[in-house]
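Please consult the sequence and the structure shown here before reading the report.

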Amino acid sequence: MKTDQNPLVVVNHLKKHFNVGKGQILKAVDDVSFEIYPGETFGLVGESGCGKSTLGRTLIRLYDATSGEVTFEDKAVHGHKSKAELKQLSRSIQMIFQDPYASLNQRMTVTDIIAEGIDAHGLAKNRKERLEMVYALLETVGLNRNHAERFPHEFSGGQRQRIGIARALAVNPRFIIADEPISALDVSIQAQVVNLMKKLQEELGLTYLFIAHDLSMVKHISDRIGVMYLGSMVELSESDELFENPLHPYTKSLLSAIPIPDPKLERSRERQVLHGDLPSPINPPSGCRFRTRCPFAMDVCASQTPEWKEAEKGHWVACHLYDEKNEAVSLSKTI
Amino acid sequence: MNHLLEVKNLQVSFFTYAGEVQAVRDVSFTLAKGETLAIVGESGSGKSVTSKSIMRLLTQTAKIKQGSIMFEGKDLASLPEKQMQNIRGKDISMIFQDPMTSLNPTMTIGRQITEVLRKHHQMNGSEASRRALELLDQVGIPNPEKRLKQYPHQLSGGMRQRVVIAIALACDPQVLIADEPTTALDVTIQAQILELMKSLQQKFDTSIVLITHDLGVVANMASRVAVMYAGKIVETGSVDELFYQPKHPYTWGLLDSMPKLHEKTEELHAIPGTPPDLADPPIGCPFAARCPYTMDVCYDHMPPYTEHSDTHRAACWLQDSRAPKIDRPQAGGER
């Protein structure tokens, strides 16, 4: 595994709070810590409103962190930085957005969209070189040079997402944050884009943070997966381990909620349906945030926030069921 | 078998500035009492247009060019609007994809539910409110008295979809059309809504037409499946036949492009290319341009249906006796 190297990104007790007026504070990301290693794909899953997109945007400094820190290649991402440092940062980290219909400027040609980063960083010496770079990028993502002079509306969703990927690759980044890159696409097109992202990762040695709510696709692409619930990370482990041996009750119910495209299996499957809705992140439950929907909630869950600890090697979880003294409970209550 | 609903040779076109777009091209299917028929396909395959034709909710630019939709001895395709109004919402009702836009933001939940009851059952205010309370209770909304007086924005996404279901079920319809009922919802909420739909179906023996692109949802809900591509049904069969003995290469592609939760595959099977433009549909098989097994005949002639069982048929030239024998690549099917 790649985890014996130095981490590329270190997130340390990161918090991002939004002031929503009337003295209320929305804690979108609340005390999250994890590391991303070079060359890996880190999947981030959770329901809408759990803070996964906010976390992604805070990592790339689209949002300023409320507290805590993020380091990229041992340098802090947040805090005061000179213009040159900021430029360097934005070259190293790029983003692919969810909606390929909204994230491309419809009044710019494909060339201008892709070359915007090249221009901003002065990577091309002249017009000819700029165009050559755009052509090369288009071919890398499986489009061709005839597409260069067209406008975004002339492309299908999958093709647009390829343009978005080409734009991200234009400045030779090391780390790409993909925020739900495939959820706006059809199944057969999703597979095309995921295969392309995997191929590019192998060829260019990229590191991905892959944010999604589709667990089966996240499992397919990720080396390690973090599960978020209401602003905090509840479980983190290698992706196979997470699916074979989920520890947190939320992860278990999330996995059991995915419909599997296999009718016989679906008929025989015992489903653990979670009751109720996600509570409001403005006034989250005390202690463990999942306790209001958790089938195993105990008294301690309301009074104490569970500690983020390594239950098994490389498998982190925040749940009172895995406290030392509750060992017996966890064994008798496995789902 | 006694069919509740029978769609025969349905053709629907949109007349736009760019010319005629043939969204639904010769679609036939039947629906029996108490069964769930799933219509799957990518966006633009005509599945929503088919369902809207049954409800006669098509826009001004669309026209049912040919075909019949038989329901209780009446042809819905040519029924006058006045009579259609007595069927819509009473005998056939619909659940839409996005509960945010399908509810009226300026009306309370109570008024929106009682509206149908007053219209179709000529109930007075207090009768209708009593029934509305019952309905909200049935769809699992806690505290229904309070909810009746609230507006849609005060409810979460899952709650809103429950309200939409309550409205759809208000008059005990015989047919319920659910157009991507869970696409806008998170997996845990999706599981809740699917469970709810199944339990209500068992209680009232409703027939459901489920429109979706999620094969997992199909495996969970459907008794029969129709696969649509470019305005045509390319394969139809019972859910087991379709998942375990699929005959059409497009169905193979759809099934294989889903990542498997319990297997590790290196590369996802992607279907290359994009669906054809229905303003100028191909004369032969619509899938020919993306199909790995295309023969000359595919481009020139639309394949006829071949019957594999009473319920299972597919439109593909590979099924013709003169075609080379090709089996579905790699071990698909049962796991």
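The report below covers the annotated domains, some helix packing and several individual residues.

## Basis of the report

This is a predicted model, in which local features need pLDDT of at least 70, side-chain atom pairs count only at pLDDT 80 or more, and totals for chains, interfaces and linings use all residues. Residues are numbered from 1 along each chain as its sequence is written, chains are lettered from A and ligands numbered from 1 in the order in which they are written, and side-chain values use heavy atoms, with hydrogens and water left out.

## Annotated domains

The UniProt record, an unreviewed entry, lists "domain: ABC transporter" for residues 9-255 of chain A. UniProt also places "domain: ABC transporter" (unreviewed entry) at residues 5-255 of chain B. UniProt positions follow the numbering used here, feature names are shortened, and annotations may be inferred rather than shown by experiment.

In chain A, the span 9-255 is 38% helix and 26% strand, and its end C-alpha atoms lie 27 Å apart. In chain B, the span 5-255 is 41% helix and 28% strand, with end C-alpha atoms 28 Å apart. Helices (H or I, at least four residues) and strands (E, at least two) are DSSP runs, numbered from the N terminus.

## Helix packing in chain A

Helix α3 (residues 110-120) and helix α4 (residues 127-140) of chain A pack at an angle of about 110°, and their axes are 10 Å apart. This angle makes α3(A) roughly perpendicular to α4(A). Axes are lines fitted to C-alpha atoms, for helices over the stretch in contact, and angles run from 0 to 180 degrees between N-to-C directions. Angles under 35 degrees count as roughly parallel, over 145 as roughly antiparallel, 65 to 115 as roughly perpendicular and the rest as oblique. The crossing of α3(A) and α4(A) is right-handed; a crossing is left-handed if the near helix is turned anticlockwise from the far one by less than a right angle, and right-handed if clockwise. Residues making the contact (heavy atoms within 4.5 Å) include Ile114(A) and Ile118(A) of α3(A), and Leu131(A) and Val134(A) of α4(A).

Helix α9 (residues 249-257) of chain A is largely enclosed by the rest of the structure, because nine of its nine residues are buried. Buried means under 20% relative accessible area, exposed over 50%, and partly exposed in between (1.4 Å probe, protein chains only). Among the buried residues of α9(A) are Pro249(A), Tyr250(A) and Leu254(A). The buried residues of this helix pack against α7 (215-221), β9 (224-229), β10 (232-238) and α8 (239-244) of chain A, together with α8 of chain B.

## Helix packing in chain B

Helix α7 (residues 157-169) and helix α8 (residues 187-204) of chain B pack at about 15°, with axes 10 Å apart. The two helices α7(B) and α8(B) are therefore roughly parallel to each other. Their contact involves, among others, Arg162(B) and Ile165(B) of α7(B), and Ile193(B) and Leu196(B) of α8(B).

Arg162(B), in helix α7 of chain B, is buried, with a relative accessible area of 12%. Leaving out residues up to four places away in sequence, Arg162(B) touches Val139(B), Gly140(B), Ile141(B), Gln192(B), Ile193(B) and Leu196(B). One of these, Gly140(B), lies in the loop between α5 (125-138) and α6 (144-148) of chain B and counts as partly exposed at 40% relative accessibility.

Lys198(B) is found in helix α8 of chain B and is partly exposed, at 24% relative accessibility. Not counting residues up to four places away in sequence, Lys198(B) touches Asn220(B) and Met221(B).

## A buried arginine in a loop

Arg289(A) lies in the loop between α10 (263-268) and α11 (299-303) of chain A. This residue is buried, with a relative accessible area of 13%. The side chain of Arg289(A) reaches the backbone oxygen of Leu230(A) at 2.5 Å. Beyond its neighbours within four places in sequence, Arg289(A) is in contact with residues including Lys27(A), Asp30(A), Tyr229(A) and Pro284(A).

## Residues with positive phi

Most residues other than glycine have a negative phi. Glu180(A) has a positive phi, near 50°. Glu180(A) lies in the loop between β7 (175-179) and α6 (187-204) of chain A and is buried, with a relative accessible area of 7%. Asp26(B) also has a positive phi, near 60°. Asp26(B) is found in strand β2 (residues 19-32) of chain B and is partly exposed, at 34% relative accessibility.

How values were computed:
A polar contact is a pair of N or O atoms within 3.5 Å; within protein, one must be able to donate a hydrogen and the other to accept it, and residues adjacent in sequence count only if both atoms are side-chain atoms.
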